[in-house]
Amino acid sequence: VVQRIPQLDINQYYFPTYLPEGYNYDSSQAAGDVVILSFSNSEDTIIFTQGSTGSAYHVDTEDAETKEVPIGNVSGYLIDKNDGITLFWNDEDTDFMINGNIEPNELIKIAESIEKNK
């Protein structure tokens, strides 16, 4: 499902142009240079976090299955844990993290669809 990028009161952010069927933009939060976007359907929520490289992210990998996956021309890490799946990757200046209770290939499709809103 192709999403239109909402005009948020945030200087610069990335937004996925693809979301799984039934998911829609829900809300946003910004603190410093970290932006958190929420997308939901009637049952689940997908959280998309972004911030400048080196932002303090805590990704719990204890007792999780971690796998390196390609996201466009960079590598990401898929972390599969009981409470959901997290995908973490970065480009030259931004760290990204998406988590939710959806299929890993859907997380990768969301990641590959992000566009910068300037």
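1. In this predicted model, the count of aromatic pairs comes to seven. One of the pairs is formed by Phe15 and Tyr25: the ring centres are 5.9 Å apart and the planes meet at 55°, so this pair is tilted.

2. Tyr25, with a relative accessible area of 26%, is partly exposed.

3. A second pair to examine is that of Trp89 and Phe96. Their ring centres lie 4.9 Å apart with the planes at 20°, so the pair is stacked. Both Trp89 and Phe96 are buried. Together with Tyr14 and Phe48, Trp89 and Phe96 form one aromatic cluster.

4. The strands also deserve attention. Strand β5 (residues 65-71) and strand β6 (residues 74-81) run antiparallel and are joined by seven bridges. Within this pairing, Pro70 stands opposite Ser75 of β6. The two strands β5 and β6 form a hairpin with two residues between them, and Gly72 in the turn has a positive phi of about 60°.

5. Strand β6 also pairs with strand β7 (residues 84-90), in the antiparallel sense and over six bridges. Here Ile79 stands opposite Thr86 in β7. A hairpin connects β6 to β7 through two residues.

Technical notes
Residues are numbered from 1 along each chain as its sequence is written. This is a predicted model: local features need pLDDT of at least 70, side-chain atom pairs count only at pLDDT 80 or more; totals for chains, interfaces and linings use all residues. Side-chain values use heavy atoms; hydrogens and water are left out. Rings of Phe, Tyr and Trp (its six-membered ring) pair if their centres lie within 6.5 Å; planes under 30 degrees apart count as stacked, over 60 as edge-to-face and the rest as tilted. Buried means under 20% relative accessible area, exposed over 50%, partly exposed in between (1.4 Å probe, protein chains only). Two strands pair if DSSP finds at least two bridges between them. Helices (H or I, at least four residues) and strands (E, at least two) are DSSP runs, numbered from the N terminus.
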